[in-house]
Amino acid sequence: MASQQSPEPPPAEPAPTTLTALGDDLLREILLLLPSLPSLVRAAFACRTFLDIVRSSPAFRRRFRALHPPPLLGIYFDPDGLAIPAFAPLRRRSDPDLRAAVRRSDFFLTGLLDDDDDFPGWVMNDCHDGYLILDNWGTREVVAYNPLTMAMDLIPPPPDEFYDGCQGYYNCLDYHIHSPEEDDGVFRVIYACHDESRARAAVFSSDTRAWQVFPWSEALTTPQSADNKHWLSIGRIMNGFMNGFVYWVYMDEASMLLLNTTTLEFSRIDLPSYLKGQTHMFRVGKTKDGGLCIVVAIEFKLYVWLRKICEDGVEKWVKGHLFDLDDIVEETGGTLEEHGQFKVVGVVDGVVYFSTYETFEDARFPCWFLSLDLETSDIDVLFQKRYDSHIHPYIMPWPRYLVRNKACLQVEGA
């Protein structure tokens with residue numbers, strides 16, 4: 001009788017695939033599929049491996065930003081008078097991580113203290129790089145506050161020497177904040193003033209806790225009398241990939257004044273002539289590739305101007321795309337008569353934020369707030385709210401803890 005052969009042993013089960021076995025490059029490709037920056041933050045803190053591969057790769061961070069621009073979390077409305085700026089969050093059912101970022105932060109500014117609870121005197125000077133710059137009318141305190149981290153820094157006043165050497169008179173402008181995301185969490189506060197024809201800047205560093213005063217610029221306009229001492233509008237900051245600018249529009253000239261936030265040098269740029277004295281019609285910003293642009297609202301059209309070097313080698317404003325948005329009623333459900341016209345709120349990284357005009361016609365009625373991507377022409381309806389004076393879109397910054405900087409290494413004991 002033939003002997004029976006013993007059955008073959010079952011094949012060994014393959015070893016389970018671990019995160020380590022996938023490799024950093026493949027894991028980064030997977031993380032690029034996440035829908036938004038808040039989702040990446042949540043994933044990075046799910047395990048140490050994810051956190052390390054995000055922190056260790058500037059190239060990955062650049063790719064993620066290109067695919068998923070920093071999202072709008074909401075808009076601050078800063079009314080004139082004694083009040084706390086109000087925040088209108090962006091509500092998106094499709095992105096629970098974005099909603100969670102708002103819920104777990106202090107966008108309603110409960111961390112701000114005031115000597116008078118009934119009449120708080122905080123005014124918002126700037127909203128940029130995740131920080132707010134606020135000054136208090138009563139106490140004269142100036143603070144830099146990050147609603148996401150709830151970190152607050154008290155900013156001392158500029159030194160008295162800042163105003164030395166002025167000609168005729170001096171007029172204080174405003175505070176602006178600049179915080180390069182790869183710079184170890186250090187931020188700089190920029191303060192400026194002008195006299196009858198020149199401007200001057202001072203910079204406060206959160207690292208040294210000291211002000212640095214820069215020399216007066218050369219003449220930027222013909223000397224203005226004290227009756228016309230407000231010859232510059234409220235300043236606004238624009239950040240690009242390499243550096244940023246603060247700009248002020250001349251009140252009675254078709255020009256704007258630029259302050260480079262890296263070199264701290266002033267320069268003057270002409271504007272299209274028809275924008276002279278029309279500061280309410282337009283905003284200056286940057287495209288996604290970092291180029292200067294102007295967006296002008298006339299009725300229900302948005303006109304775009306781009307700053308380019310022409311064939312003769314001279315840098316000029318060139319007409320860009322015209323967005324005819326008469327069909328906006330399909331998005332809002334209203335009528336053009338009800339909406340009145342458009343008003344540009346801001347231009348940030350190639351996205352235009354604008355509103356309709358209902359509140360300006362009748363304070364009882366809310367405006368629609370919308371955004372337009374200059375590259376894709378996509379329109380997003382944000383929300384309805386009454387237009388309360390000064391508007392500041394809050395864009396989520398790249399979190400410092402997702403960058404392997406010196407502060408991060410000190411915490412980890414590296």
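## Cysteines

The count of disulfides, a disulfide being a pair of cysteine sulfur atoms within 2.5 Å, comes to zero. Cys172 is in no disulfide, and the nearest cysteine sulfur to its own, that of Cys193, lies 6.2 Å away. Relative accessibility sorts residues into buried (under 20% relative accessible area), exposed (over 50%) and partly exposed (in between), with a 1.4 Å probe and protein chains only. Cys172, at 33% relative accessibility, counts as partly exposed. For Cys293 the closest cysteine sulfur is that of Cys310, at 16 Å, which is too far for a bond. Cys293 has 0% relative accessibility and therefore counts as buried.

## Basis of the model

This is a predicted model, in which local features need pLDDT of at least 70 and side-chain atom pairs count only at pLDDT 80 or more, while totals for chains, interfaces and linings use all residues. Residues are numbered from 1 along each chain as its sequence is written, and side-chain values use heavy atoms, with hydrogens and water left out.

## Overall chain

The protein chain has ten helices and 23 strands. Both kinds of element are DSSP runs numbered from the N terminus: helices are H or I over at least four residues, and strands are E over at least two. Along the principal axes, the C-alpha atoms of the protein chain fill a box of roughly 120 × 60 × 55 Å. Of its 414 residues, 50% count as buried.

## Sheet S3 to S6

Four strands form an open antiparallel sheet in the order S3-S4-S5-S6; two strands pair if DSSP finds at least two bridges between them. The edges are strand S3 (122–128) and strand S6 (151–155), each with a single partner strand, so one side of each has no neighbour in the sheet. From one strand to the next the twist averages 25°. Axes for such angles are lines fitted to C-alpha atoms, for helices over the stretch in contact, and the angles run from 0 to 180 degrees between N-to-C directions.

Strand S3 is mostly covered, with seven of its seven residues buried. S3 runs antiparallel to strand S4 (residues 131–136), and six bridges join the two. Val123 has Asp135 of S4 as its bridge partner, and Asp126 stands opposite Ile133 in S4. Two residues lie between the strands in the hairpin of S3 and S4, where Asp129 takes a positive phi near 55°.

## Sheet S19 to S22

A further open sheet of four strands has the order S19-S20-S21-S22, again with antiparallel pairing. Strand S19 (343–348) and S22 stand at its edges; each has a single partner strand, so one side of each is left without a neighbour in the sheet. The twist here averages 20° from one strand to the next.

S19 and S20 pair in the antiparallel sense over five bridges, and Val348 stands opposite Val351 in S20. The hairpin of S19 and S20 has two residues between the strands, and Asp349 in this hairpin takes a positive phi near 50°. S20 and S21 also pair in the antiparallel sense, over five bridges. Val351 has Asp373 of S21 as its bridge partner, while Tyr353 stands opposite Ser371 in S21.

Five of the five residues of S20 are buried, so S20 is largely enclosed by the rest of the structure. In a regular strand the side chains alternate between the two faces of the sheet. In S20, Val351, Tyr353 and Ser355 point one way and Val352 and Phe354 the other way, and all are buried.

## Second largest pocket

The second largest pocket has a volume of about 640 Å³. Pockets are found on a 1 Å grid over the protein atoms alone: a pocket is an open set of points where a 1.4 Å probe fits, with protein on both sides within 12 Å along at least five of seven lines, and lining residues have an atom within 4 Å of a point. Grid points are joined across faces, edges and corners, and the volume is the space filled by probe spheres set on the points.

The lining of this pocket has 27 residues, of which Pro69, Pro70, Pro71, Leu72 and Asp380 lie nearest the centre. The elements giving two or more residues to the lining are strand S20 (351–355), strand S21 (367–373) and strand S22 (379–385). By class, the lining has 15 nonpolar, five polar and seven charged residues. Ala, Val, Leu, Ile, Met, Phe, Trp, Tyr, Cys and Pro count as nonpolar, Asp, Glu, Lys and Arg as charged, and the others, Gly among them, as polar.
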